[in-house]
Amino acid sequence: MKKIKIGTRQSPLALWQANKVASILEAKGHSTEIVPITSEGDANLKQPIYSLGLTGVFTRSLDIALLNDQVDIAVHSLKDVPTLLPETLELIAYPERASSADILVYKSEDIFEKEHRIIATGSLRRKAFWHHKYPNDIIVDLRGNVQLRLKKLQDNTDWDGAIFALAGLDRSEILEELAAKGLHYKVIDWMIAAPSQGILGIVAKEGLDLSDINNPQCELFATVERQFLNVLEGGCTAPIGALVEKIDDENYLFKGAILSIDGQEMISIERQFKANEYRTKGREFAEECIAQGAAKMIEQIKKEIGSK
């Protein structure tokens, strides 16, 4: 059996994810090799993510490695993968989903009593959701891997907190270390996750079959959430949240939203659907948002991003 070369970014979290997929593959009898590759998004930590080319900034280098046969598969946090892939590449498996939640990591419990806070995040979505709820807070940009972002939070004495994906801190085995660093965390239950947050996605050239490690429920989640994103975003980075939650074996709940960059406007939707309907529901929910004015909002977002 041919050894599967696994391409991955070089951050500790990305390497953890690649090794997780390697262990799943090896449990199914496959032989693997990890191939770390530097991504454009990891190399440039000075510019906001949305100014680096809008989509695919963390995946482009791995796409090139796949197309050049340097690696056989690429493992990603699926939320980083554009909804439109280069020709001949495809998503072939969704092996697992961890928590989809965003969390606030903060220094002191008095953060919740303050009238004004300084919150750090590099995500347009998180910034927009936060400003929607707390319009008077200041948001500062935060880039880098999980460990570097936590260090920046600790080193900047005027920062009150920073927003992270719970899955990232959990997979990096950092959650239990926060208290020792003098930090606390709280799930932000009113913030809708990025589409596919917490899901691992495997990209490969068309024709590679790794269905033996695919999780059908993760595929359902990813299909609906990414379809919603694809219809709305129109090729631009935008503050969009989308999350599917299981109600029971036959019924699922979808929550979605698109916000203006400043967070002052929000179009949201919440719908139930049947499991056997999932292949078209993301588009249907997005079209409902478009009917409420999302297209106009997207055009404004494009203008604002283009002017930065």
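A helix crossing counts as left-handed if the near helix is turned anticlockwise from the far one by less than a right angle, and as right-handed if clockwise. By that rule, H7 and H8 cross in the right-handed sense; helices (H or I, at least four residues) and strands (E, at least two) are DSSP runs numbered from the N terminus. The model is predicted, so local features need pLDDT of at least 70 and side-chain atom pairs 80 or more, while totals for chains, interfaces and linings use all residues. Residues are numbered from 1 along each chain as its sequence is written, and side-chain values use heavy atoms, with hydrogens and water left out.

H7 (residues 216-233) packs against H8 (residues 278-291) at about 30°, the axes 7 Å apart; axes are lines fitted to C-alpha atoms, for helices over the stretch in contact, and angles run from 0 to 180 degrees between N-to-C directions. Contacts (heavy atoms within 4.5 Å) involve residues including Leu-220, Val-224 and Phe-228 of H7, and Phe-285, Ala-286 and Cys-289 of H8. Cys-289 is buried (under 20% relative accessible area; exposed is over 50%, partly exposed in between; 1.4 Å probe, protein chains only), with a value of 0%.

Next comes the sheet: an open, antiparallel one of 3 strands, ordered S11-S12-S13. S11 (240-246) and S13 (266-274) each have a single partner strand, so one side of each lacks a neighbour in the sheet. S12 (residues 251-259) pairs with S13 over 9 bridges, pairing taking at least two DSSP bridges. Lys-255 has Glu-270 in S13 as its bridge partner. H8 lies across S12 and S13, at about 150° to S13.
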